[in-house]
Amino acid sequence: MKNLALLSVTALLIAGCGSEKSKENQIAIISGKIDSAKTAFLVLKEINEVVPEINDTIKIDSTGSFHVALPLKQEKYLSLICGGDRAQLFLSPADTLSVNFKAGSIGETIEFTGKSSDMNNFLKQKRIDQKNRRPFMQG
């Protein structure tokens, strides 16, 4: 009976340690290319956080390409800002997301590929739909 209890406690400890590892930071990658980039940097900011964990500047190279690796513990909603234009992104731990767009029209031209591209395409369409929606009281 003692052996069974010891085995049960050991199994719980091993399972508990395994779940703790999933809460550690995992690297998420955002990369892409900007057509007609007029700025040398992108800004990446966490949305809806009083004290954002992510507030980063990403260098754009001479070809318009960029790449950033972010340590994440959980899913995040982020703003990607290029000059005065912005887009909302969704990123999860261990994600790889490719983001391509034309400078000056990020909302209309942004394209996503990668692990969370479906969610990001949904957010893009939602923003376009909201932008095109007529105000409720408009005649």
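N120 is found in helix α3, where helices are DSSP runs of H or I with at least four residues, strands are runs of E with at least two, and both are numbered from the N terminus. The model is predicted, so local features need pLDDT of at least 70 and side-chain atom pairs count only at pLDDT 80 or more, while totals for chains, interfaces and linings use all residues. Residues are numbered from 1 along each chain as its sequence is written, and side-chain values use heavy atoms, with hydrogens and water left out.

The protein chain holds three helices and eight strands, in the order α-β-β-β-β-β-β-β-α-β-α from the N terminus on. Of its 139 residues, 29% count as buried, that is, under 20% relative accessible area with a 1.4 Å probe and protein chains only, whereas exposed means over 50% and partly exposed lies in between. Among contacts (heavy atoms within 4.5 Å) with a separation of 6 or more, 50% join residues 24 or more positions apart.

Helix α3 comprises the 16 residues 117–132, and its end C-alpha atoms are 22 Å apart, in agreement with the 22 Å that it should span at 1.5 Å a residue; the expected span is 1.5 Å times one less than the number of residues. S117, N120 and L123 of α3 are buried. They lie on the same side of α3 because they cover an arc of only 125° around the axis, the arc being that of the directions from the helix axis to the C-beta atoms. An α-helix has 3.6 residues a turn, so residues three or four places apart point the same way. On the other side of α3, D118, F122 and N132 are exposed.

The cover over the buried residues of α3 includes β5 (76–82), β6 (85–91), β7 (96–102) and β8 (111–114). N120 itself has a relative accessible area of 0%. Leaving aside residues up to four places away in sequence, N120 touches Q88, L89, F90, L97 and F112.

Helix α3 also takes part in the largest pocket, giving the most to its lining with six residues. A pocket here is an open set of points on a 1 Å grid over the protein atoms alone, where a 1.4 Å probe fits, with protein on both sides within 12 Å along at least five of seven lines; lining residues have an atom within 4 Å of a point. The largest pocket has a volume of about 200 Å³, the space filled by probe spheres set on points joined across faces, edges and corners. Of its 15 lining residues, R86, I106, G107, E108 and R127 lie nearest its centre. β6, α2 (106–109) and α3 each supply at least two lining residues.
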